[in-house]
Amino acid sequence: MARIGFLGTGAIAEAMVRGMDGAVHDILVSERNAATAQRLARDLAGVSVAANAEVVAQSDIVILCLMSGIAERVLPDLPFRADHKVISVMADMPRDRLAALIPPVTDLSLTIPLPSVATGGCPMPVWPDTGSVREVFGARNPVIPVESEAALNAHFGACAVSLPVMALLRTGIDWLAGQTGDRTGAEIYVTAMFGAYFAAMRKDGSGEVDALMADLGTEGGLNDSLRTTMVRAGAPDALLDGLDGLRERLGLPSA
């Protein structure tokens, strides 16, 4: 049974800990965010709180959930070993820069957990795929190996689609509530409708999105008419322009 250590106990670290089975792994969390650390130890079997050095010394796999400035200050003084497996979820810390802070470690991978890791089903792109992310999280979450650090960073851009999609759903809810006078019912209907679509879809990359679009897009139907209006208004192009505008921040080549 692997002992898992968490350096940093922010919201994403808490979600990851809650998504793990304490009966399968012993978990050590750092005491930096004392309230969160104590809450996890109180709520979950198999979770203990320790100082940073003890977290590293007593763990087989160390998960880094720190801000980059804090990481650069504290990591060089911690007792990392050559046999450690390290997983970083730090968005602003390139792998080469991180490796220089923990030189004995060679098994070092980067991944991007989302809050849904707390309940499972969270897609987790990883680079390089050393097997550590799959060992810790693969039982409940799809692990997606990618070919480069740039490819991993591009997934952060894809995450940014979330808010525009939610804004469209909110517009649909507002429109329906305006017709019915029932805002609560409108939100229940729209969110349940999309929840049902997504729940029924296979998440195996087999073209389910295209298949669902084809099913919905009967020529001349309501879905087809609204999509045509939005295409003419430039909505898809605006989304692509916005994503391309993130390239520099993500370290991606220009389009």
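Visitor: Where is Asn141 found?
Guide: In this predicted model, Asn141 is found in the loop that runs between helix H6 (132-137) and strand E8 (143-145).

Visitor: And does Asn141 count as buried or exposed?
Guide: Asn141 counts as buried, because its relative accessibility is 5%, and the cut-off for buried is under 20%.

Visitor: What lies 3.2 Å from a polar atom of its side chain, I mean that of Asn141?
Guide: That is the backbone nitrogen of Gly121. Leaving aside neighbours within four places in sequence, Asn141 is in contact with Gly121 and also with Val117, Gly120, Cys122 and Met124.

Visitor: Met124, okay. Which residue does Met124 stand opposite?
Guide: Met124 stands opposite Val143, which belongs to E8. Strand E7 (residues 124-127) and E8 run parallel, and three bridges join them.

Visitor: Switching to the whole sheet: in what order do the strands come?
Guide: The sheet is open and is formed by eight strands in the order E3-E2-E1-E4-E5-E6-E7-E8, with mixed pairing. Its edge strands are E3 (47-50) and E8, each of which pairs on one side only. On average, and with direction ignored, neighbouring strands of this sheet are turned by 25 degrees against each other.

Visitor: Which strands does helix H2 lie across?
Guide: Helix H2 (residues 34-43) lies across strand E2 (26-30) and E3, running at about 150 degrees to E3.

Visitor: And what does helix H7 touch?
Guide: Helix H7 (residues 149-159) packs on the sheet, where it touches strand E6 (107-111) and E7, and its direction makes about 155 degrees with that of E7.

Terms used:
Residues numbered from 1 in each chain as written. Predicted model: local features only at pLDDT ≥ 70, side-chain atom pairs only at ≥ 80, totals over all residues. Heavy atoms only, no water. Helix = DSSP H or I, 4+ residues; strand = E, 2+ residues; numbered from the N terminus. Buried < 20%, exposed > 50% of the residue type's maximum accessible area, 1.4 Å probe, protein only. Polar contact = N/O pair within 3.5 Å; in protein donor to acceptor, adjacent residues only side chain to side chain. Contact = heavy atoms within 4.5 Å. Pairing = 2+ DSSP bridges. Axes fitted to C-alpha atoms, helices over the stretch in contact; angles between N-to-C directions.
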